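Here's a quick briefing to read alongside the model. Have the sequence and the 3D view open as you go.

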Amino acid sequence: MFHENEKEKDKVMRVCLRSCVGSDGSWCRHKFVPCDSSQNCNVILGFASEVNICDVHKAVQTVIQSDKQISFKSVTRAAESQANALLEMTRDVSKLNSSQVDQLVSQLESLLSGPTVSLALGNTSVHIVSNLLGASPETLSDSSDRIIGIVDTVAFKLVLEQKPVTLLSPAVALSVKPADGTNFQETFFSISDPNDVQVRGNARLGRSVRSDSSIPQGSIRLPPSLTEDLTSEEQQLASRVQFNFYQKSTVFQDKSMGERRLNSGILGASVANLSITELQDDVVIHLRNTEPVPGNFVAKCVFWDFTLNDGSGGWNSRGCFVRNSTDNETICACNHLTSFAILLDLARDPLTSRLQATILTFITYIGCGVSAIFLSITLLTYLSFGKLRKDIPSKILIQLCLALLLLNLVFLVDAWLALYPDAVGLCISTAWFLHYFLLVSFTWMGLEAVHMYLALVKVFNTYISRYMVKFSLVGWGVPMIVVIIVIAIDKNNYGLVSYGRFPDGTSDDFCWLRNDIAFYVAVVAYFCVIFLFNVVMFIVVLVQLCRIKRQNPHNAHHRTTLQDARSVAGITILLGLTWGFAFFAWGPVNLAFMYLFAIFNSLQGFFIFVFHCAVKENVRKQWRTYLCCGRMRLAENSEWSRTATQKTAKKSSVSRLTSLHSSKSSKSNNSSSSSSFLVSDSSEQINGIGDPFEDRAITADEGHSTDVILNEINSQYRNQQAT
């Protein structure tokens, strides 16, 4: 039998050893076992009556199962008492700093470390989290993930009978419902306000919620196929479903939010402690908008991804799409379980219409493919025939064509590479190169405008040594600096972006800039600067053309309106002014300008081939001389001997013309520095910009059907010299 003697805080256990067969027995040595009520590990067994020594094991099992003599109430009460003390500490969270919050969270995690959590302890824990959400995001930043984890721990360990349990607080609501993972039933959860939560395992809730005139803050439907793809072991673990709703987003702070903002509460759902993704049937979530969606924003369904922003967490739209959105409510569908919300995003997203998106996709990829082919032909033409690339504009054109060709090729493979989301590094690299070649293309369009400015406005007063070397350093170097800065700040600025979420659950994924700030600074602002300068230069060219026509009316009959329009179109394409359609793709005209943008910019390479290769007389002569046969072939000797003769005569004329212009410029500016600047015998000044007239040495000999407007200026000065 067992005897107990109590001496102050120590309890003495004396064990009597008796044989079951014989009658001999002896007392063992006294064994003192300290019993401290604050420690979970020390439990003293005591029997109310004598127990046969042979039946001790059975008696102990009976006591444990019946819980008559062994009680953990003291341990539970101690934990609840400490939790209440922590709750008092959070009554005024404004007095807590981040270090105190971190210590408080650690203590609460320790209290919840046991195998189960009582209803009272769980309720107190939820209220503690609710109070903490009233602190500033900066105070909670270091503990945000752990605070979210406390709610999940309570849900996973809460003592649960065969009915749902709901814990309510001002800022957090938690509901836990028993479930059968082997035969999962359709489940609904709804919260109308912080004090009104419903969770059921049948469709009645879904009907009652929608029949109510008021829109609930959030509701979610879990399909019956939720656990079908789980293993048998995982289905056994899926014994409960938990739902939580956060009224405040204090612990859900995304560093890369930019101009985006949350427009709903945060509704979460999970099954036990399992990760469930790629569901056959979508999880449908209804979320009430906190405010109507502004005209320049779009609603976006997102979930909280703990892996983003180097582990600090962020909002991710992967696997979720908008089924329907009104001023008051947004309906989302997702193929996984986590914490969901609505994110307002500036309208960077394309249309949600599957038909329109498909048409635009076909236009874009066909246009890029066609452009890539004709850009290759243009490059081969100019690189194969040395006579075509003697002037500066042709050399700039070659660089622009190379940049656009690389841009089109990377763009064409981007969507294909996005099909492998697990290859994160590959997606980041693709997005980085796409960004780089886009900026390079913009830069060379701007350099085209710079050269036009030097040739038309500065004319002979500018000399730049190593002209093309410096242009090349700017054209390829400046974009490199920009993209290196972007990826150095955060490599996650690049990655997989979902453009377009469609009602059938599909989406368009693309490797591109994920961070809004990086996008608007390193793409939009960069392009705006170049675009504005190019527009100014375009206007200058048109003014020069009109001025020439007014000063030389007797030559106007040589050029038709169609030829002038062709010249203007050629320069428009060369300066990339069609990219400006992006500025008008907003509001009611969004669709029309998206089509214009897709058509003209995907076919930019093709238009360059047409205006600066196919219709140029000297390019066609080169093709006929070296590529054609029969009647189409031109005799090389006769062709270029005639050209050389014309060029010699033209040089003499241009030399006289240059002297005349320099003299006039000297008189008007009281400077004689430009009077000594004469055109050399070569087509380009050594280590300099050379002369704009001589830069056009080949094209200047063409007929009046030429597409180069600068030749009109040449013609003006030749006419002045002749008179």
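Leaving out neighbours within four places in sequence, Leu-96 is in contact (heavy atoms within 4.5 Å) with Met-89, Thr-90, Val-101, Leu-104 and Thr-139. Keep in mind that this is a predicted model, where local features need pLDDT of at least 70, side-chain atom pairs count only at pLDDT 80 or more, and totals for chains, interfaces and linings use all residues. Residues are numbered from 1 along each chain as its sequence is written, and side-chain values use heavy atoms, with hydrogens and water left out.

**Around Leu-96**

- Leu-96 sits in the loop between α2 (73-89) and α3 (98-111); helices (H or I, at least four residues) and strands (E, at least two) are DSSP runs, numbered from the N terminus.
- With a relative accessible area of 12%, Leu-96 is buried (buried is under 20%, exposed over 50%, partly exposed in between, using a 1.4 Å probe and protein chains only).
- One of its contacts, Thr-139, is 43 residues away in sequence, yet the C-alpha to C-alpha distance from Leu-96 is 8.0 Å.

**Helix packing**

- Helix α14 (residues 561-574) and helix α16 (residues 604-614) have axes that come within 9 Å and cross at roughly 140°; axes are lines fitted to C-alpha atoms, for helices over the stretch in contact, and angles run from 0 to 180 degrees between N-to-C directions.
- That makes α14 and α16 oblique to each other (under 35 degrees is roughly parallel, over 145 roughly antiparallel, 65 to 115 roughly perpendicular, and the rest oblique).
- On the α14 side, the contact uses Arg-566, Ala-569, Gly-570, Ile-573 and Leu-574, and α16 brings Gln-604, Phe-607, Ile-608, Phe-611 and His-612.
- By class, the residues of the α14 contact with α16 are six nonpolar, three polar and one charged (Ala, Val, Leu, Ile, Met, Phe, Trp, Tyr, Cys and Pro are nonpolar, Asp, Glu, Lys and Arg charged, and the others, Gly among them, polar).
- α16 also packs on helix α17 (residues 617-626), at an angle of about 85° with the axes 7 Å apart, so these two are roughly perpendicular.
- Phe-609, Cys-613 and Ala-614 of α16 meet Val-619, Arg-620 and Trp-623 of α17, and that set has five nonpolar, no polar and one charged residues.

**Aromatic pairs**

- The structure holds 28 aromatic pairs: rings of Phe, Tyr and Trp (its six-membered ring) pair if their centres lie within 6.5 Å, with planes under 30 degrees apart called stacked, over 60 edge-to-face and the rest tilted.
- Tyr-365 and Phe-411 form a tilted pair, with ring centres 5.5 Å apart and planes at 35°.
- Tyr-365 is in helix α9 (residues 354-384) and Phe-411 in helix α10 (residues 392-417), so their pair ties together parts 46 residues apart in sequence.
- Phe-442 and Trp-579 pair edge-to-face, with centres 5.1 Å apart and planes at 90°.
- Phe-442 is buried at 3% relative accessible area, and Trp-579 is buried at 13%.
- A cluster linked by ring pairs takes in Phe-374, Phe-581, Phe-593, Phe-600, Phe-606, Phe-607, Phe-609 and Trp-623.

**Positive phi**

- Most residues other than glycine have a negative phi.
- Asn-309 isn't a glycine but has a positive phi of about 55°; Asn-309 lies in the loop between β14 (297-305) and β15 (314-316).
- Arg-466, found in the loop between α11 and α12 (467-489), has a positive phi near 50°.
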